[in-house]
Amino acid sequence: MKKTSPTKDKMNVKKFLRDIEDVCAVPLQKSYQKWVLPEYPFDHQLLSLSSIYRKSRQTYLKIGGRFQPRVCSTMRGLSTQDLFKNEIDFTPALSELMWFKDYGQYVANATEMLEALTSFTEISIFHEQNHRILWQLLPPAPKDKESFCRYLNFAESLVVTLDLAMADQIGKKLSTPLERLKVIYRPSGKDNYSEQSKETYRNYLLATLVTTYCAMERIHNDDILNALNYVLPGQTAINKVAYRRGMELSETFTQITNPEWQALYWKSAETKLSHLHKKSKQPILNLPKEVLDLDTELDLALKVFEFYGI
């Protein structure tokens, strides 16, 4: 493994400490204390900053959501979090991070300690909550593998789009350090669509959603923008910006991690989701094989945006 230089190590530690300082400077709203998850890093700050974050927490608790404060590595979090069970594991690390903020600059092995900390503090509660909430909002899923995996990709694309929307609401100044601290997964965009009309911003989010869905369906990168302009005509300027942002999603995730997870777990996931939806009166959501045929799915996405107050 290639080692970084001592100078770069010190710079990384200083940047991490600055990020914590910046986030800790956020004024805390006492009225949201009742929803704060003890020892989850910077939860009170996020609740104070974002109505979307608050809506997610309130909804998750309303559907019986629970949290398990136990050490959870990034890899274990990716492989064992049950997306269909209203229970989320997280590492209770706030006290450790606050100690590191105050004394990390004096620790001889600060770089090693930082690496150890970040190996166990990369679970976004917001992202995990939204997976569970969406099963309550979406229609039932189809049962065959190919159709079910398209359903999962659409749901994941919605969750990712909510990550973007919350980051936009927080703003670039604070979402960037929060993303580096791994309590949220995406920073705010460089564009200003979130500051424009609700209709314009929703059209922009729909474009990021379609981009993400195409990437997860493993459409060739060179074809995605054309597909986006076909599905959402009349907004090519918005689509171009949304395409760039949507394509920031990790290619390792879309090309390897997600397909491998589906190959291993799709059947058990289908069984669990079928049980969750057994009382639903809605028709099954069969996404079209061709992404160019997306239509009613976008109406569903708009209803999700409305639910979150976006």
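W99 is partly exposed in this predicted model. Its relative accessible area is 38%. That value lies between the cut-offs of 20% and 50%, so W99 counts as neither buried nor exposed. Find W99 in helix α5, which covers residues 94–103.

Next, move along the chain to A110. This residue belongs to helix α6, residues 110–118. Is A110 buried or exposed? A110 is buried, because its relative accessible area is 8% and buried means under 20%. Which residues does A110 touch, leaving aside those up to four places away in sequence? The contacts are V13, F100 and G104. Take F100 as an example. F100 and A110 are ten residues apart along the chain. Their C-alpha atoms are separated by 8.6 Å.

Finally, turn to a patch of another kind. E290, D293, D295 and D299 gather on the surface, and their patch carries negative charge. Start with E290. This residue sits in a loop. The loop runs between helix α13, residues 251–276, and helix α14, residues 296–308. How accessible is E290, and what does it count as? Its relative accessibility is 39%, so E290 counts as partly exposed.

Notes: Residues numbered from 1 in each chain as written. Predicted model: local features only at pLDDT ≥ 70, side-chain atom pairs only at ≥ 80, totals over all residues. Heavy atoms only, no water. Helix = DSSP H or I, 4+ residues; strand = E, 2+ residues; numbered from the N terminus. Buried < 20%, exposed > 50% of the residue type's maximum accessible area, 1.4 Å probe, protein only. Contact = heavy atoms within 4.5 Å. Patch = residues over 30% accessible without salt bridge, like charges linked within 9 Å, V, L, I, M, F, W, Y side chains within 5 Å. Areas by Shrake-Rupley, 256 points an atom, 1.4 Å probe, with all protein chains shown as cover. Salt bridge = Lys/Arg side-chain N within 4 Å of Asp/Glu carboxyl O. Lys, Arg positive; Asp, Glu negative; His and termini not counted. Charge placed at Lys NZ, Arg CZ, Asp CG, Glu CD.
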